Amino acid sequence: SPNQATNQINISMEFYTSYTLEIVDAYGKYCEVHKVKNTIHISDLPSGIYQLLILQNSSVSRHKFVIQ
């Protein structure tokens with residue numbers, strides 16, 4: 001089941017120096033969010049189901065979360 005989130009998502013990527021973080025909504029639309037280092041601020045997003053995409057080199061890791 002998806003993780004619940006409210007204000008921010010913290011990412012720990014100790015072993016990777018080059019990666020991109022993106023948020024997409026349930027319709028696959030990319031969401032504009034404020035990112036500072038390894039923290040994504042999501043308090044401006046409406047309630048719903050989202051995916052955090054972690055892109056590194058040619059691989060993509062997807063992690064679902066819910067904002068209530």
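**Terms and their grounds**

Guide: Two residues lie between β6 and β7, which form a hairpin, and N57 in the turn has a positive phi of about 55 degrees. The model is a predicted one, in which local features need pLDDT of at least 70 and side-chain atom pairs count only at pLDDT 80 or more, while totals for chains, interfaces and linings use all residues. Residues are numbered from 1 along each chain as its sequence is written, and side-chain values use heavy atoms, with hydrogens and water left out.

Visitor: What makes the phi of N57 worth a remark?

Guide: N57 is not a glycine, yet its phi is positive. Most residues other than glycine have a negative phi.

Visitor: Why is N57 called exposed?

Guide: Exposed means over 50% relative accessible area, buried under 20%, and partly exposed in between, with a 1.4 Å probe and protein chains only. N57 has a relative accessible area of 83%, and is therefore exposed. Its place is in the loop between β6 and β7.

Visitor: Which other strand is joined to β6 (residues 48-56), and by how many bridges?

Guide: Strand β3 (residues 20-25) is joined to β6 by six bridges, also in antiparallel fashion. Here I23 stands opposite L52 in β6.

Visitor: How many helices and strands does the protein chain have, and what counts as each?

Guide: Helices (H or I, at least four residues) and strands (E, at least two) are DSSP runs, numbered from the N terminus. The protein chain has zero helices and seven strands.

Visitor: What makes the radius of gyration agree with that of a compact globule?

Guide: The radius is taken over C-alpha atoms, and the globule rule is 2.2 Å times the number of residues to the power 0.38. For 68 residues a compact globule would have a value near 11 Å; the protein chain has 12 Å, which agrees. Its C-alpha trace spans about 30 × 25 × 20 Å along the principal axes.

Visitor: What share of the residues counts as buried, and what share of the contacts joins residues 24 or more positions apart?

Guide: Of the 68 residues, 32% count as buried. A contact means heavy atoms within 4.5 Å. Among contacts with a separation of 6 or more, 52% are between residues 24 or more positions apart.

How values were computed: Pairing = 2+ DSSP bridges.
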